[in-house]
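This briefing is meant for someone meeting the structure for the first time. It looks in turn at the division of the chain, the surroundings of the ligand and one of the helices.

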Amino acid sequence: MKLEILNLNKQYANGVHALKDVSLTIGKGMFGLLGPNGAGKSSLMRTLATLQEADSGEVRLGEIDVLKEKDKVRGILGYLPQEFGVYPRSSAVELLDHLALLKGVTVSKERKELVAYLLQKVNLYEHRKKAVKSYSGGMRQRFGIAQCLIGNPKLIIVDEPTAGLDPGERNRFYNLLSEIGEEAILILSTHIVQDVRELCTQMAIMNQGEMLYNGTVDDALDLIQGKVYEKSVEKNSLPDYREKHDVISDKLVGGKPLIHVFAQQAPEEGFTPADANLEDVFFAKINQLI
Ligand SMILES: Nc1ncnc2c1ncn2[C@@H]1O[C@H](COP(=O)(O)OP(=O)(O)OP(=O)(O)O)[C@@H](O)[C@H]1O
C-alpha cells in the first residue's frame with residue numbers, strides 16, 4: 001500500500017498558506033518529514049488524519065480517497081498528535097480499554113487481551129494501573145503509541161513525538177518506533193534532525209508550506225558531501241562571515257561559534273572540510289543554498 005499526495009493546498013482564514021502544492025509518495029516503512037516550526041507539517045498531518053479539510057489536491061491511500069472516504073481512513077489509521085490530551089485520573093488500562101471500545105473492539109475479553117498486549121509492547125505493563133497523567137513525558141509518548149496501534153493500523157502518523165524527551169527516553173522511543181515502522185506506513189513529523197537521521201531511510205524537507213526535498217537520506221547527504229567547510233570564529237566577526245560566505249549554520253562549541261559554510265572549494269585560510277551531516281542539508285535547504 002502507498003500513500004500518494006498530489007498538489008495539496010491549504011490556506012487558513014488569516015491568509016497563511018500552510019500547504020503549497022504539496023506532492024509526495026510514501027511507501028511502507030518509516031518516513032521522516034522534517035521542517036522548522038511553522039513549516040506546515042502539522043497541517044499536512046492533520047489533513048492526512050482526516051481532521052482538517054484541504055482547499056484542493058488529492059490524497060490516495062491504496063484504493064482509498066483520503067479526502068472523501070474519511071471513515072475508511074480512520075479504520076486503518078493510528079495517529080499520535082502533537083498535543084496528546086488524557087483524561088485526568090484514568091489509568092493506562094482504563095484509558096486504553098475505553099479507546100479500544102471506541103475503535104470498535106466490542107468483545108470484552110478480546111479488548112482485555114489487546115490492552116495487555118499493547119502495554120507490554122510499549123513497556124508500560126508494570127505501570128498499567130497508574131494514572132496516565134502522572135507519567136513522565138517519555139512514558140506518555142509510549143502510551144500514545146499504544147493507543148495508535150489499536151486496530152492494527154496501515155497508516156501511522158506521529159507528530160513531533162520526541163520534543164521534550166530526555167536522551168534516555170528518546171532512545172527508548174526510537175526503538176519502539178523502529179519496531180512498529182516495519183509493518184505499516186509510518187510518517188514521523190519532526191523538527192529534530194536526529195530523529196530522521198536515526199530512524200528513516202526516506203525523508204522530505206518542508207518549509208513555509210513547500211516541499212523542498214523528497215528522497216532518501218543518503219541522496220540528501222550526497223547533495224552537500226565535500227562542499228561543507230567549518231571554522232571556529234570570534235562572535236563579533238559572525239556578521240562579516242555571513243556577508244562573505246554561504247553560512248549554513250553556526251553553533252557554539254566551547255563558547256565560540258563554529259560556522260559551517262557551503263562552498264565548492266575551501267573558502268579561505270582557517271576553514272577545514274567538515275563531515276557533512278543531515279543538519280547541514282536541512283539548513284542549506286531552508287536557507288536556499290542548495
Ligand atoms: N488553525 C490555524 N489558523 C491559522 N493559521 C494556522 C492554523 N494552524 C496553523 N496555522 C499556521 O500555518 C503555518 C503552518 O503551521 P503548522 O502547525 O502546520 O506547522 P508545523 O510545521 O507543524 O509547525 P509547529 O511544529 O510549530 O506546529 C504556521 O504559520 C501556523 O501559524
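The model shown here is a predicted one. Its protein chain is divided into domain 1, which covers 3-76 + 153-216, and domain 2, which covers 223-286.

**The two domains**

- Taken over C-alpha atoms, the centres of domain 1 and domain 2 are separated by 30 Å, and the contact between them takes nine residues from domain 1 and five residues from domain 2.
- On the side of domain 1 that touches domain 2, the elements that give two or more residues are helix 7 (193-199), strand 9 (202-207) and strand 10 (210-216), and helix 7 gives the most, with three residues.
- Sorted by class, this side of domain 1 has seven nonpolar residues, together with one polar and one charged residue.

**Around the ligand**

- The ligand has 14 residues around it, and of these Tyr12, Asn37, Lys41, Ser42 and Ser43 come nearest.
- Helix 1, which spans residues 41-48, gives the most to the shell around the ligand, contributing three residues.
- By class, the shell around the ligand is made up of eight polar, four nonpolar and two charged residues.

**Helix 10**

- Helix 10, spanning residues 278-286, is mostly covered, since seven of its nine residues are buried.
- The buried residues in helix 10 are Leu278, Asp280, Val281, Phe282, Phe283, Ala284 and Lys285.
- Just after helix 10, the residue Gln288 takes a positive phi of about 55°.

How values were computed. Residues numbered from 1 in each chain as written. Predicted model: local features only at pLDDT ≥ 70, side-chain atom pairs only at ≥ 80, totals over all residues. Near = placed C-beta within 6 Å. Helix = DSSP H or I, 4+ residues; strand = E, 2+ residues; numbered from the N terminus. Nonpolar A, V, L, I, M, F, W, Y, C, P; charged D, E, K, R; others polar. Buried ≥ 20, exposed ≤ 12 C-beta atoms within 10 Å, placed from the backbone. Domains from an automatic or database assignment. Contact = placed C-beta atoms within 7 Å.
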